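Good morning, everyone, and thank you for making time for this.

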Amino acid sequence: MRLTTVTQMTLPRGRIHSLVLAAHTTDGPALPISFDQRRHVEAGDRRGSWMAIAFRLPEQVARSEVSQAWAAVVERHGALQTVFDRDDDGRLRLRAADIEAHGWEEHDVADDVDPRAVLAGILDAACTPFAQPSHRVCLVKPGPVSTDADPRPMLVIASDHANVDMWSLLVLVRDLAECIDDLHDGRPAGSRLPRSVPAFSEHTAMLDARPPAPADVAARWGRVLDAGQGAMPVFPLPLGDVDRARPAVVAVDDVLDADGWHRLSSNAERLGVRPTALALSALSAATLDLAGVPLRAVFPVHSRYDPRWNDAVGWFITNSVIELPDPDPRACSDAVRDAISLGSHPLGPLLAPHGGMVEPPGMFALSWLDTRRMPLGVDGGFDVQYVSATVETDGVMVWFVINDDGLHVRWRHPDTPEAHRSLPAWIEAVTRRLQQSAHEVAEHGAGALAAG
């Protein structure tokens, strides 16, 4: 699996078709809206609010099979059968809808045009918060002039972020592939998939029905926000003028190969901590060394707290904050538990007394994703790519991703001279310490990290 952007993804040159869908809202009460959905959708329709996944299909798959299979997938997942709008008083509303396909539209790709730009335009237009529906499937069949050696067509599944997370995209790949196989073998689409899949709106309703968070959690959130003068953490090194969003710069680096990650994990086991804690100790040490302040970052955590949600599609990610003042791996392990605790309760009531989730210019978010821990294995032959949009940003986002190939880091920052210096320096310092920790901790102990 590869984490990339629409401008950097592998996409064959050929014919691009997208499945045109229409949504018809149904009678019935409005559905509950999660805290993160509301924040995202209230920002309005905009380019690049989507996320996508691309993968290869068998050569013989026809567009008609894809459309039938996608209809079955949509029927399985409540999140794909909802639309956002506003009621007569202008309040945000989430409604159930019937989704129907209106056939395939072909999109012209001129000889002098990058097909990735065409794909980006399709998804920017179709996958916005108030689109009805806000998801789109595109099929790219390599043409005779394609330089892609792989003759298999590529399918792209995209949706506005309000209704999916990265885990959900893997669910959709699995479900669609199963439905296509069923059609090939003469079975009803989806006949081998789990029969009952709860809707994300049920998850939201269950969170809303929870009792208030414990007083110590509310107090801890208060201290976290006080440390940021009421706002989320910012990147600790200079970013320049980020009072307005600027084009995003995105890069991906390999940090550890599979053997290096295995060694780091073995060293973490010897120290009695998880590999995540040992890796975060390297980030903490690098930040203290370069910035002279503890690492503080927004830290997404998942809310699939029960196996019943593993096959569901929705935005099962909420935000927490991680603080790493001490690079000792055991202290970092405690910090992870603290962050998970902060993110284990509905954020709306916790943040409301502080003015909600205030995102300052320069906000720093740090994500940790081990794709091997996802219970939905997708065969390597699918050539899967996670695809994000090209956006403007005023903050910093860093993703650490572990897969069968090792540990990788993807980072995004605003296009300013200062950020071009600060982010590579920080990434380099973190990478150096992670590589040292994979080789040295077993012999020299945790102190090797801080000395890196």
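This is a predicted model: local features need pLDDT of at least 70, side-chain atom pairs count only at pLDDT 80 or more; totals for chains, interfaces and linings use all residues.

Residues are numbered from 1 along each chain as its sequence is written, and side-chain values use heavy atoms, with hydrogens and water left out.

Let me begin with the open sheet, which has eight strands in the order β1-β12-β3-β7-β6-β2-β5-β4, with mixed pairing. Helices and strands here are DSSP runs numbered from the N terminus, a helix being H or I with at least four residues and a strand being E with at least two, and two strands pair if DSSP finds at least two bridges between them. The edge strands, each pairing on one side only, are β1 (2-5) and β4 (82-86), and the twist from one strand to the next averages 30°. Within this sheet, β2 (residues 14-25) and β5 (residues 92-107) are antiparallel and share nine bridges, and if you look for T25, you will find that its bridge partner in β5 is A97.

Helix α1 (residues 35-42) lies across β4, β5 and β7 (154-160), and runs at about 60° to β5. Helix α4 (residues 166-184) packs on the sheet as well, touching β1, β3 (50-56), β7 and β12 (385-388), with its direction at about 35° to that of β3. Contact here means heavy atoms within 4.5 Å, and the axes are lines fitted to C-alpha atoms, for helices over the stretch in contact, with angles that run from 0 to 180 degrees between N-to-C directions.

Now to strand β8 (residues 246-257), which pairs antiparallel with β13 (residues 392-393) over two bridges, R246 having T393 as its partner in β13. Strand β8 is also joined by nine bridges to β15 (residues 406-414), again antiparallel, and there D257 is partnered by G406.

Next comes helix α8 (residues 275-291), whose 17 residues reach 24 Å from the first C-alpha to the last, close to the 24 Å expected at 1.5 Å a residue; that expected span is 1.5 Å times one less than the number of residues. Among the buried residues of α8 are L278, L280 and L283, where buried means under 20% relative accessible area with a 1.4 Å probe and protein chains only. Just after α8, G292 takes a positive phi of about 75°.

How many aromatic pairs are there? If rings of Phe, Tyr and Trp (its six-membered ring) pair when their centres lie within 6.5 Å, with planes under 30 degrees apart counted as stacked, over 60 as edge-to-face and the rest as tilted, the count comes to eight. One of them is F200 with F316, edge-to-face at 4.9 Å centre to centre and 80° between the planes.

Notes: Buried means under 20% relative accessible area, exposed over 50%, partly exposed in between (1.4 Å probe, protein chains only).
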